[in-house]
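Reader: I would like to learn how to read the features of a model like this one. Please take them one at a time.

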Amino acid sequence: MLGITSYNNTTTARLFNRTFAVSYALLALIGLLPLGKTFFGLMPLFGANVLLNA
């Protein structure tokens with residue numbers, strides 16, 4: 001929903017895409033850790049998901 005609302009302005013679109021990229025990079029790093037394989041029980045972060053997020 002935030003992505004749809006941020007397309008009007010170039011600045012907000014860039015900000016949204018940068019935060020989205022950083023969040024995916026953090027998910028990839030968390031998936032590499034042995035204790036973070038399920039992201040606090042909300043979604044799996046192992047196997048091909050780590051490569052997808054990276």
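**Reading the model**

Reader: What share of the contacts in the protein with a separation of 6 or more comes from residues 24 or more positions apart?
Author: A contact means heavy atoms within 4.5 Å. Residues 24 or more positions apart account for 17% of the contacts with a separation of 6 or more in the protein. This is a predicted model, in which local features need pLDDT of at least 70 and side-chain atom pairs count only at pLDDT 80 or more, while totals for chains, interfaces and linings use all residues. Residues are numbered from 1 along each chain as its sequence is written, and side-chain values use heavy atoms, with hydrogens and water left out.

Reader: How many helices and strands are there in the protein?
Author: Helices (H or I, at least four residues) and strands (E, at least two) are DSSP runs, numbered from the N terminus. The protein has 3 helices and 0 strands, in the order α-α-α from the N terminus on.

Reader: What radius of gyration does the protein have, against a compact globule of 54 residues?
Author: The radius is taken over C-alpha atoms, and the globule rule is 2.2 Å times the number of residues to the power 0.38. A compact globule of 54 residues would come out near 10 Å, but the protein has 14 Å. Along the principal axes, its C-alpha atoms fill a box of roughly 40 × 20 × 15 Å.

Reader: What percentage of the residues is buried?
Author: Buried means under 20% relative accessible area, exposed over 50%, and partly exposed in between (1.4 Å probe, protein chains only). Of the 54 residues in the protein, 15% are buried. Leu29, in helix H2 (residues 10-32), counts as exposed because its relative accessibility is 53%.

Reader: How many aromatic pairs are there?
Author: Rings of Phe, Tyr and Trp (its six-membered ring) pair if their centres lie within 6.5 Å; planes under 30 degrees apart count as stacked, over 60 as edge-to-face and the rest as tilted. The count comes to 2 aromatic pairs. Phe16 and Phe20 are stacked, at 5.9 Å centre to centre with 25 degrees between the planes. Both lie in helix H2, 4 residues apart, about one turn of the helix. Phe16 is partly exposed at 26% relative accessible area, and Phe20 is partly exposed at 44%. Phe20 and Tyr24 form a tilted pair, at 4.9 Å centre to centre and 40 degrees between the planes.

Reader: Which residues form the one aromatic cluster?
Author: Phe16, Phe20 and Tyr24 form it. Tyr24 is partly exposed, with a relative accessible area of 32%.
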